[in-house]
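This report describes selected features of one protein model.

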Amino acid sequence: MQGKTGRTEMNSPETHRLALLGGDPTVRTPLPTWPVLSDDEVAALGEHLRRARTDSTYLTSIFGSGPVVEFERAVADYFGAPYAVSTNSGWAALHTALVAVGVRPGDEVIVPAYTWPQSVSCVLQQGAIPVFADIDPETYTLTAETAEKCLSPATKAIVVVHLYGQPADMTRMMAFAEAHGLAVIEDCAQAAGAMHRDRHVGTIGTVGCFSIGSGKQIVGGEGGFLLTSSEEVRHRAIAMSQHPQRHRVDLPGGYAAPDGFLPTYRMHPVAASICAAQLPKLRRWNDERIANLRALSLALEGCPGIRPAAESTFGRHVYHLYCPTFVPEELPGLSRDRYVEALIAEGAPVRIGYVRTPLHLRKEMRERKYLAPGFPWNLGSRDVHYAAGDCPVTEDRCARTDISVFLGANAIGDQSALVGEIAAAFWKVALHHRELLEPAHSQR
């Protein structure tokens with residue numbers, strides 16, 4: 001039985017004893033699977049394949065019509081953006097966005113040091129140079145203050161990542177960007193449906209980029225899209241990412257589009273049909289995720305050794321992942337490795353850190369080598385290098401305090417039993433942590 005604190009009643013020695021030391025695991029409820037295909041999506045796919053027998057737009061999006069274009073209209077309407085352009089991945093949306101806002105080889109782009117590497121590899125792919133900014137210690141997102149420290153005459157754009165579904169402070173970020181004439185690309189791969197004040201993330205910057213790949217808030221299998229309020233950015237995005245057949249439909253007469261020299265970034269219509277069926281459920285699913293993970297935060301309040309995931313005061317966090325913070329000072333002598341090992345033994349779906357090594361300290365960055373030695377740094381107007389100490393908040397989080405709980409996008413429906421067991425596992429390890437210490441520590 002579990003109370004509001006997440007503490008568990010220990011009625012037997014096996015329950016009391018840590019699972020790592022021979023006791024019974026605390027978490028017994030299976031982790032919910034994700035993604036799921038409901039009858040709605042299965043029916044939509046069946047209808048899609050029936051139509052594909054006679055309508056080729058259900059098998060390819062090269063013509064600028066059919067399910068993919070209908071999906072673009074649907075997501076633009078849902079998020080309140082004038083324009084949407086579909087792509088075959090979130091990364092493709094990011095790369096397309098960089099091209100569309102005018103980032104050129106040798107330009108500098110400010111990026112967070114704490115994020116998934118694809119938020120940065122799109123910059124490298126464009127031949128531009130990433131300049132890493134530190135994160136806010138509570139929200140793990142880029143801030144205007146940390147971005148400003150990275151500014152140089154070569155800066156062209158900023159990639160702001162709404163990491164884990166937590167909105168960055170876009171009010172300050174947009175004021176900073178506008179003051180310096182910078183494009184802002186919002187990476188919303190983990191944040192579909194997140195809000196900054198009364199606006200959807202992805203509709204505030206110059207371009208917003210989304211993923212519908214596995215693990216996201218809505219899942220089409222593979223795919224992505226971008227949103228923008230600029231018709232010119234839309235035209236550039238279509239010219240960059242879509243087949244020349246679509247250029248004839250969507251680009252104005254005389255538009256100087258590439259004559260076939262472009263990537264194949266178009267979305268498959270099957271992904272569009274799946275996500276079109278899921279889009280009306282996004283708000284409800286996000287409400288359920290938020291309710292379940294706020295309950296986990298409440299159950300972890302006061303638990304030694306862990307600080308619950310924060311929610312910004314200006315946004316709606318939609319929890320792609322639940323990432324609290326390990327506080328080693330509250331469990332003296334217990335390493336993060338040992339702590340996580342004990343939680344895993346209890347059945348808790350946790351691991352050390354989503355970002356194990358800060359991006360600016362990865363081998364490719366330290367050696368300045370992407371695709372070829374020296375590329376793209378040799379295209380820049382100044383000598384950009386990366387070193388330990390550049391982003392201290394990120395470096396400390398990666399080294400000591402980063403914890404990930406694999407409950408987020410999959411936390412739909414009533415997950416109160418699982419949430420209670422996960423919280424109980426944290427409390428159990430915290431209350432009995434001395435049993436995990438080396439003898440020299442445990443005697444102190």
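In helix α8, the buried residues are Val-233, Arg-234, His-235, Ala-237, Ile-238, Ala-239, Met-240 and Ser-241. Buried means under 20% relative accessible area, exposed means over 50%, and partly exposed lies in between, with a 1.4 Å probe and protein chains only. Because eight of the 11 residues of α8 (residues 231-241) are buried, the helix is largely enclosed by the rest of the structure. These buried residues pack against β1 (83-87), α4 (90-100), β8 (207-211), β9 (224-228) and α9 (244-250); contact means heavy atoms within 4.5 Å. At the start of α8, a side-chain oxygen of Ser-230 comes to within 3.4 Å of the backbone nitrogen of Glu-232. A polar contact is a pair of N or O atoms within 3.5 Å; within protein, one must be able to donate a hydrogen and the other to accept it, and residues adjacent in sequence count only if both atoms are side-chain atoms.

The model is predicted: local features need pLDDT of at least 70 and side-chain atom pairs count only at pLDDT 80 or more, while totals for chains, interfaces and linings use all residues. Residues are numbered from 1 along each chain as its sequence is written, and side-chain values use heavy atoms, with hydrogens and water left out. Helices (H or I, at least four residues) and strands (E, at least two) are DSSP runs, numbered from the N terminus.

Seven strands form an open sheet with mixed pairing, in the order β1-β9-β8-β5-β4-β2-β3. Its edge strands are β1 and β3 (129-133), each of which pairs on one side only. Two strands pair if DSSP finds at least two bridges between them. Strand β4 (residues 155-161) has six of its seven residues buried, so it is largely enclosed by the rest of the structure.

| Pair | Sense | Bridges | A bridge pair |
|---|---|---|---|
| β4 (residues 155-161) and β5 (residues 183-187) | parallel | five | Val-160 and Glu-186 |

The chain passes from β4 through α7 to β5 in a right-handed β-α-β crossover. Right-handed means that, with the strands pointing away from the viewer, the path from the first strand over the helix to the second runs clockwise.

Thr-146 is located in helix α6 (residues 144-148) and is buried, with a relative accessible area of 14%. Its side chain reaches the backbone oxygen of Asp-134 at 2.9 Å. With neighbours within four places in sequence left aside, Thr-146 is in contact with Ala-133 and Asp-134.

Pro-258 lies in the loop between α9 and α10 (269-278). At 30% relative accessibility, Pro-258 counts as partly exposed. Not counting residues up to four places away in sequence, Pro-258 touches Ala-239 and His-247; Ala-239 is one of the buried residues of α8. The C-alpha atoms of Pro-258 and Tyr-58 are separated by 25 Å, and the two residues are 200 residues apart along the chain.
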